[in-house]
Amino acid sequence: MATITVTNPATGETVGEVQQATAADVDEAFARARGAQRQWAALPARKRARVLRRFAKVVVDKRDELLDLIQSENGKNRASALEEVMDVALTSLYYAQTGPKATRTRGRFTALPLVSSTREQRPPKGVVGVIAPFNYPLALAVSDAVPALIAGNAVVVKPDSQTPLSALRAAELLREAGLPEDVFIVVPGSGAEVGQAIVRQCDFLMFTGSTATGKKLAAQAGERLIDYSMELGGKNPMIVADDAPLERAINAATHACFSNSGQLCISIERIYVHRAVADDFIAGFVDRTTQMRVGAGRDWGIDMGSQISKEHTDKIAMLVDDALTHGARALTGGHRTGETFFEPTILTDVPADAALYTQEVFGPVVYIEVVDSLDQAVEKANDTEYGLNASVWASAATGRRLAKRLEAGTVNINDGYAPAWSAMGAPMGGWKQSGAGRRHGEHGITKFTEPRNVTRMRGVTVGGVMDFARRRLR
Ligand code: NAD
């Protein structure tokens with residue numbers, strides 16, 4: 001039986017061995033999940049919500065253990081791991097509170113109000129497949145499953161094979177919170193075998209990962225005519241306006257760009273700063289960045305951990321070298337400092353023919369361009385195939401004005417990414433090549449349901465009503 005050896009990329013230590021699932025294991029997982037789902041769906045939604053509310057508490061109670069686990073399989077710093085734990089708890093509480101109402105049966109408009117009544121019902125899809133990436137091994141494997149579960153679905157999850165431990169532990173904690181057996185099943189393994197087996201049989205596909213994989217899977221979902229949500233890549237811009245609260249922008253920029261070692265779909269990889277404030281902003285941002293502490297371990301003072309793997313660090317180094325060869329300058333950073341560590345890097349003078357000018361790096365690398373007007377900043381910000389997140393530093397009026405013109409699923413005014421992400425009441429997702437569908441908000445749970453319109457006639461039929469109308473009109 002094949003196993004996956006999980007290694008801490010920050011230290012090289014082995015942190016676990018898990019059994020690698022096969023396509024046959026996925027078939028079996030779906031059979032079990034289908035059986036368990038019927039009973040789970042038969043419970044009232046508020047009872048299902050109660051389990052997820054308890055789960056939020058369990059997660060918060062066990063936060064230290066979870067932080068250790070996330071860090072050990074991913075290499076990230078502790079503060080970035082905390083974002084995951086908080087996300088899972090917040091999502092669970094949010095949907096436990098709002099999910100039952102969002103999916104309840106509602107009376108709807110009918111053309112014949114006196115003789116008919118229409119009800120919109122929202123039964124679950126069935127078994128939802130979740131395929132998750134390595135960068136948030138707890139949050140991205142679990143948080144999207146939460147609304148699916150409250151809506152009455154069972155979930156089969158494939159975490160990235162580099163980071164399966166957090167999802168496996170979450171399955172145990174869900175059981176501890178009262179989730180019945182087989183309603184949430186984790187199948188660690190490769191995309192080619194396990195991921196594909198999920199895509200072949202799930203009733204809804206919730207995918208988070210690269211745009212290239214997302215497009216393939218969306219085409220396959222299209223073949224089966226199943227619905228899906230795709231949360232994909234980004235090349236997220238930040239605009240610093242001439243009326244920006246500069247000190248705050250300088251202090252927040254390191255978090256916006258280098259959080260989670262830059263392996264964050266909504267982190268900032270391009271900055272457009274107005275010429276009037278450019279010198280001060282750049283000097284301050286470079287200064288803060290050079291003070292960042294990069295390293296391994298549980299010390300809360302570490303600002304940035306490792307990258308996920310040597311191969312991923314190779315890719316980052318290659319993109320930065322390519323930019324430097326094309327004439328870019330590094331204002332700070334620009335080098336790897338070990339197999340899996342890369343310095344937080346600020347580039348400038350990046351020419352349009354450098355690959356990272358348009359391509360997502362998914363590492364701690366940002367470039368700055370000075371612009372002469374905010375129109376120019378917006379034009380450059382939108383000049384991308386992506387449209388995931390944007391950040392604007394400006395007065396309230398300027399910020400709102402610019403936000404309206406930005407082609408992005410989330411716009412954070414006077415912060416980098418976290419406020420819009422954690423505003424669970426509003427939808428979050430990507431424009432253009434950054435995704436299809438949304439997470440969060442009401443849609444973030446109703447997408448896991450199959451609407452059914454049940455209309456009942458009282459005493460007459462539509463044919464009868466039409467005959468009556470015809471006779472009157474004659
Ligand atoms: P990836 O697409 O390579 O892999 C993501 C997941 O898909 C993994 O579990 C992988 O095993 C699986 N997979 C790969 N090929 C598959 C296939 N043919 N069939 C089924 N499953 C398959 O992505 P990655 O490099 O691990 O993640 C980084 C990317 O994810 C970045 O582009 C990042 O921006 C994006 N991302 C997006 C969001 C978001 O919310 N929009 C969040 C996190 C990451």
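Me: How many salt bridges are there between domain 1 and domain 2?

Reply: Bear in mind that this is a predicted model. The chain is assigned a domain 1, covering 3–232 + 434–454, and a domain 2, covering 236–422. Between domain 1 and domain 2, the count of salt bridges is one.

Me: Which residue forms a salt bridge with Asp68?

Reply: A salt bridge needs a side-chain nitrogen of Lys or Arg within 4 Å of a carboxyl oxygen of Asp or Glu. For Asp68, the closest N and O atoms of the pair are 3.3 Å apart, and the partner is Arg298.

Me: Which helix gives the most to the side of domain 1 that touches domain 2?

Reply: On the side of domain 1 that touches domain 2, at least two residues each are supplied by helix H3 (63–74) and helix H4 (78–102). With seven residues, the helix that gives the most to that side of domain 1 is H4.

Me: What area do domain 1 and domain 2 bury between them?

Reply: The C-alpha centres of domain 1 and domain 2 are 30 Å apart, and the contact takes 29 residues from domain 1 and 27 residues from domain 2. The size of an interface is often given as the accessible area lost when the parts come together. Of the area buried between domain 1 and domain 2, 53% is on carbon and sulfur atoms, and the area itself is about 2300 Å².

Conventions
Residues numbered from 1 in each chain as written. Predicted model: local features only at pLDDT ≥ 70, side-chain atom pairs only at ≥ 80, totals over all residues. Heavy atoms only, no water. Domains from an automatic or database assignment. Contact = heavy atoms within 4.5 Å. Buried area = accessible area lost by both parts, 1.4 Å probe. Helix = DSSP H or I, 4+ residues; strand = E, 2+ residues; numbered from the N terminus.
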